[in-house]
Amino acid sequence: MQNAKLFKPVKDLKYICEFPDCEYSTHHRTQIHHHHIIPVERGGENKRRNRIFLCPNHHTKIFIPEATAGIHAVRGEDSIELKGWLQSTAGLVLCYIDQDGDEQYYEKKKWVI
Ligand SMILES: [Zn+2]
């Protein structure tokens, strides 16, 4: 078992919802949603910096102004508009527009996968 430390057992992988202040986490890949901050159909990359992990509940809270159909076309009273990840000296910070239209910054929890 020389390489045991190099490979994390799948059961130890944990996916955390990255919506501000959400405590949701799961070990099941199918229970976390990968959301593209800039939609792929509008040229968004499939890279991690253009994606955010969201729990099923918070995935419905993402508002995309350009969206004309689907869950992201609806601005609810608790919806947010994602602007992207920023690199700071403290690590990655999520930039988003809150329900009041104000720009907010949220320090990312540690990376999981
Ligand atoms: Zn969540």
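User: Which residues touch the most other members of the largest nonpolar core?

Analyst: This is a predicted model, in which local features need pLDDT of at least 70, side-chain atom pairs count only at pLDDT 80 or more, and totals for chains, interfaces and linings use all residues. Residues are numbered from 1 along each chain as its sequence is written. A nonpolar core is a set of buried Ala, Val, Leu, Ile, Met, Phe, Trp, Tyr and Cys residues joined through C-beta atoms within 7 Å; a residue is buried if 20 or more other C-beta atoms lie within 10 Å of its own, exposed if 12 or fewer, and partly exposed in between, with C-beta atoms placed from the backbone. Among the 16 residues of the largest such core, those touching the most other members are Cys 17, Ile 52, Phe 53, Leu 54, Ile 62, Ile 80 and Leu 82.

User: Which strand supplies the largest share of this core?

Analyst: Strands (E, at least two residues) and helices (H or I, at least four) are DSSP runs, numbered from the N terminus. At least two core residues come from each of S4 (51–54) and S6. The largest share, 3 residues, is that of S4.

User: In what order do the elements run from the N terminus on?

Analyst: The chain has 1 helix and 7 strands. From the N terminus on, their order is β-β-β-β-α-β-β-β.

User: What is the order of the 3 strands in the open sheet?

Analyst: Two strands pair if DSSP finds at least two bridges between them. S5 and S6 (residues 91–97) run antiparallel and are joined by 7 bridges, with a hairpin connecting them through 2 residues. Across this pair, Trp 85 stands opposite Leu 94, and Gln 87 stands opposite Leu 92. The pairing in the open sheet is antiparallel, and the order is S5-S6-S7.

User: Is Asp 78 buried or exposed?

Analyst: Asp 78 lies in the loop between helix H1 (56–59) and strand S5 (81–88). Because Asp 78 has 11 C-beta neighbours inside 10 Å, this residue counts as exposed.

User: Leaving aside neighbours within four places in sequence, with which residues is Asp 78 in contact?

Analyst: Two residues are in contact if their C-beta atoms, placed from the backbone, lie within 7 Å. The C-alpha atoms of Asp 78 and Lys 61 are separated by 6.7 Å, although these residues are 17 apart along the chain. Leaving aside neighbours within four places in sequence, the contacts of Asp 78 are Lys 61 and Gln 99.
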